[in-house]
Amino acid sequence: GGCAQPVPLCLPRSARCRRTVGVRVVRSDLEADDVTLVDGIRVTSRVRTCADLARFTTSLAEAVVCVDAMIVNGDALLREVAAWCDAHPHRRGVVRARRALALARPGTESAQESRLRMFWVMDARLPTPLVNRRVYAQNGVFLGRADMIDPEAGVVGEYDGRDHADPGRRSTDHSRREGFEQAGLIVVQHTACLLYTSDAADE
């Protein structure tokens with residue numbers, strides 16, 4: 001869940017296009033490797049799409065949300081997009097793209113988890129946490145999986161979304177939180193209304 005972003009439409013500088021609600025036109029030249037066919041439709045490749053989202057999404061925090069969503073299965077795409085940025089150092093937005101790549105983390109499972117991490121890092125100025133890690137007590141008992149955890153500070157960050165309102169889910173969440181706290185961890189819960197991340201890192 002979260003705020004809908006306009007669909008990016010990448011067009012050559014010479015192409016003409018009517019302004020359309022819900023579509024953001026990006027003017028940028030495309031190379032042969034930047035384009036692929038999906039069901040007979042020309043679309044930008046995964047690398048170019050990720051690079052453009054990192055360069056042109058409305059804020060740095062939302063750019064990270066987009067990159068996180070694309071690298072959920074690993075960081076190979078991160079390396080490819082970083083290589084694209086290295087090969088095109090003078091393209092508009094490349095500096096911002098590199099910042100987004102540095103902040104992105106494989107394994108993030110939702111847009112709100114990404115926003116929570118950006119709130120943690122950009123607004124609260126805390127060290128970058130680990131994401132979706134299994135947590136064990138000193139005796140080896142599994143306590144649960146933390147949305148975010150700073151193991152050095154002993155702080156766990158949990159996103160409390162609408163899907164957590166179900167009584168069964170809330171009971172499970174409560175038990176997990178108790179287990180974390182009994183193990184000496186500090187648990188901080190966040191809701192959507194807190195995740196209005198500043199763009200200070202864009203400045």
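What follows is a close look at one helix and its surroundings.

Me: Please walk me through helix α1 (residues 46-56). Which helices does α1 pack against, and at what angles? What else do its residues take part in?

Reply: The model is predicted. Let us start with the helix packing.

Helix α1 covers residues 46-56. One partner is helix α3, residues 76-87. The two pack at an angle of about 70°. Their axes are 9 Å apart. Angles of 65 to 115 degrees count as roughly perpendicular, and α1 and α3 are therefore roughly perpendicular to each other. On the α1 side, the contact is made by R46, V47, R48, C50, A51 and R55. On the α3 side, L77, E80, V81 and W84 take part. By class, this contact has 6 nonpolar and 4 charged residues, with no polar ones.

Another partner is helix α4, residues 94-103. Here the angle is about 105°, and the axes are 7 Å apart. So α1 and α4 are also roughly perpendicular to each other. From α1 come A51, L53, A54, R55 and F56. From α4 come V94, R96, A97 and A100. The classes are 7 nonpolar, no polar and 2 charged residues.

Next, a charged pair. Side chains of opposite charge can pair when their charged atoms come close. R48 forms a salt bridge with D34. The closest N and O atoms are 2.9 Å apart. D34 sits in the loop between β2 (23-27) and β3 (35-38), while R48 is in helix α1. The pair links distant parts of the chain, 14 residues apart. The whole structure has 11 salt bridges.

Helix α1 supplies at least two residues of its lining, and so does each of β1 (7-11), β2 and β4 (41-44). The lining counts 20 residues. P8, L9, C10, T44 and D52 lie nearest the centre of the pocket. The lining divides into 12 nonpolar, 5 polar and 3 charged residues.

There are also 2 cavities of 30 Å³ or more in the structure. The second largest cavity has a volume of about 40 Å³.

Note on methods
Residues numbered from 1 in each chain as written. Predicted model: local features only at pLDDT ≥ 70, side-chain atom pairs only at ≥ 80, totals over all residues. Heavy atoms only, no water. 1 Å grid on protein atoms, 1.4 Å probe; cavity = no way out; pocket = protein on both sides within 12 Å on 5 of 7 lines; lining within 4 Å. Points joined across faces, edges and corners; volume = space filled by probe spheres on them. Axes fitted to C-alpha atoms, helices over the stretch in contact; angles between N-to-C directions. Helix = DSSP H or I, 4+ residues; strand = E, 2+ residues; numbered from the N terminus. Parallel < 35°, antiparallel > 145°, perpendicular 65-115°, else oblique. Contact = heavy atoms within 4.5 Å. Nonpolar A, V, L, I, M, F, W, Y, C, P; charged D, E, K, R; others polar. Salt bridge = Lys/Arg side-chain N within 4 Å of Asp/Glu carboxyl O.
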